[in-house]
Amino acid sequence: MSTAPKFGVWANVHGTMAALGHPEDPVDASWSRVRDQILLAERLGYDSTLIAQHTMNPMGESLDQLDAWSAAAAAAALTESIEIIAAVKPSIIHPTVLAKQALGIEEISGGRFAINVVNAWWVPDLERSGIGMLEHDERYAYGGEWLQIVRRLLTGERTTFHGKYFHVDDFVLRPAGTYRDRPRIYLGGESAPARDLAAAEADVLFLNGQPRADALALLDDVASRPRGGRDPLRFGMAAFVVTAPTNREAADLLEQHWALNAADRSGDGDVADRFARDTDPASVMWQRLRERPHIGPNGGTSAGLVGDYDTVAQRIVDAWHDGIETFMLAFQPFEAEMERFAAEVMPRVRRLVRGERVA
């Protein structure tokens, strides 16, 4: 377990991580905005940034969507300490090509790159592009072969693999291992096949934001699955933060978020309707997200990081003691609230970890 909680931020490659109509956070998925956001996160002391992968914007296809992997390469060249995590859907790119790209960004970053494997949930990216979407459990069988190949190639291992989906013969990539054994592998998903794949092949499993009891049950279940002698699996969680000097002010802010969210749900532009229509109904992740009304990406406020600074800090430390090491955070307005969190909550978390009073 890490010596203290780690904090990451979602890169704003969709243009927003919550309401489309926030008066202080216009929808902007430009490279200049994302570049500045990542550089600010690094200056503020955040540990990582997660760059989601979509080809079309799931908030609305008329909106801009920055490409994850070209943005990751550019961010890697501009930063010095922050971990750059790029999401990837296995069915979009062959494992040998992906591994080569990952090793390239690993070299550019000086050993700060990671991949986040997501076995796809949003139908238009794959079906309308002509790639096609496999059935849920078959996606994980495909992803399992894909990840076995990628993990071996990332270490520089000469790889031969013959499975149902892939055939690789005596293939090796260089350079590899310049800074460490290989880039870190994150995985997202909550279904039984996702838990099996995380236990077998990943370094870190990302949970969606969810109540503490649900997260504990998931952690216990995944920890009981075969690991093959590797280091223990680590865990991260997505969360949308709503914090203020007092609980009353934080509650008022949350109400404002709900009101803005309601505006997105009105008329022909109903974001929730599009998600319901375009999401694979077999996706366990999205089944559970629909059961928990929330603000923000991947469960967002369901993680419970809503309240005054002391409350949010204590909940983070409680989750860290439970086994959640990395908190992948979103905010709105993003940059201003990211700065507030760094100034007010991060120091409180550090004091709590040291056993000091926060007030």
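# Chat notes on a predicted barrel model

Me: In which sense do E5 and E6 pair, and over how many bridges?
Reply: The pairing of E5 with E6 is antiparallel, over 3 bridges. In E6, Phe171 stands opposite Thr159.

Me: Which residues of E5 are on the covered face, and which on the uncovered one?
Reply: Strand E5 covers residues 159-162. Thr159 and Phe161 make up the covered face. Thr160 and His162 make up the uncovered one.

Me: Over to Asp169. Where is its place?
Reply: Asp169 is in strand E6, residues 167-171.

Me: Is Asp169 buried or exposed, and why?
Reply: Asp169 counts as exposed because its relative accessibility is 52%, and the cut-off for exposed is over 50%.

Me: What is Asp169 in contact with, leaving aside neighbours within four places in sequence?
Reply: Asp169 is in contact with Thr159, Thr160 and His162. Thr160 and His162 belong to the uncovered face of E5. Separately, the C-alpha atoms of Asp169 and Arg158 are separated by 8.9 Å, with the two residues 11 apart along the chain.

Me: And Asp170? What is its phi near?
Reply: Phi of Asp170 is near 50°, a positive value in a residue other than glycine. Asp170 lies in strand E6. At 47% relative accessibility, Asp170 counts as partly exposed.

Me: Which loop has Asn298, and what is its relative accessible area?
Reply: Asn298 is in the loop between helix H10 (284-291) and strand E11 (306-308). Its relative accessible area is 21%, so Asn298 is partly exposed. Phi of Asn298 is near 50°, again positive in a residue other than glycine.

Me: Cis peptides next. What is omega near for the bond from Arg174 to Pro175?
Reply: Omega is near 0° for the bond from Arg174 to Pro175, which is cis. Pro175 is in the loop between E6 and E7. The bond from Gln332 to Pro333 is also cis, with omega near -10°. Pro333 lies in the loop between E12 and H12.

Me: Zoom out. How many strands close into the barrel, and in what order?
Reply: 8 strands close into a barrel, in the order E1-E2-E3-E4-E7-E8-E9-E12, and the pairing is parallel. From one strand to the next, the twist averages 25°.

Me: Which helix packs on the sheet against E3, E4 and E7?
Reply: That's H5, residues 136-154. H5 touches strand E3 (83-88), strand E4 (113-118) and strand E7 (184-188). The direction of H5 makes about 170° with that of E7.

Me: What does H12 touch?
Reply: Helix H12, residues 334-353, packs on the sheet, touching E1 and strand E12 (324-330). The direction of H12 makes about 175° with that of E1.

Me: Back to E1. Over how many bridges does E1 pair with E2?
Reply: Strand E1 (residues 6-10) pairs with strand E2 (residues 48-51) over 3 bridges, in the parallel sense. Gly8 stands opposite Ser48 in E2.

Me: Why call E9 largely enclosed?
Reply: Because 6 of the 7 residues of E9 (residues 234-240) are buried, the rest of the structure largely encloses it. Strand E8 (residues 204-207) is joined to E9 by 4 bridges, and the two run parallel. Met237 in E9 is the bridge partner of Leu207.

Me: At what angle do H3 and H5 pack, and how far apart are their axes?
Reply: Helix H3 (residues 95-109) and H5 pack at about 40°, with axes 9 Å apart. Their crossing is right-handed.

Me: Which residues meet there?
Reply: From H3, Pro95, Thr96, Leu98, Ala99, Ala102 and Leu103. From H5, Trp146, Ile149, Val150, Leu153 and Leu154. By class, the contact has 10 nonpolar, 1 polar and no charged residues.

Me: Last one, the largest nonpolar core. Which residues have the most contacts inside it?
Reply: Tyr46, Trp69, Trp146, Leu329 and Phe341, in a core of 98 residues. Beyond four places in sequence, Tyr46 touches residues including Phe7, Ile82, Leu329, Phe341 and Met346.

Note on methods:
Residues are numbered from 1 along each chain as its sequence is written. This is a predicted model: local features need pLDDT of at least 70, side-chain atom pairs count only at pLDDT 80 or more; totals for chains, interfaces and linings use all residues. Side-chain values use heavy atoms; hydrogens and water are left out. Two strands pair if DSSP finds at least two bridges between them. Axes are lines fitted to C-alpha atoms, for helices over the stretch in contact, and angles run from 0 to 180 degrees between N-to-C directions. Contact means heavy atoms within 4.5 Å. A nonpolar core is a set of buried Ala, Val, Leu, Ile, Met, Phe, Trp, Tyr and Cys residues joined through side-chain atoms within 4.5 Å. Buried means under 20% relative accessible area, exposed over 50%, partly exposed in between (1.4 Å probe, protein chains only). A crossing is left-handed if the near helix is turned anticlockwise from the far one by less than a right angle, and right-handed if clockwise. Ala, Val, Leu, Ile, Met, Phe, Trp, Tyr, Cys and Pro count as nonpolar, Asp, Glu, Lys and Arg as charged, and the others, Gly among them, as polar.
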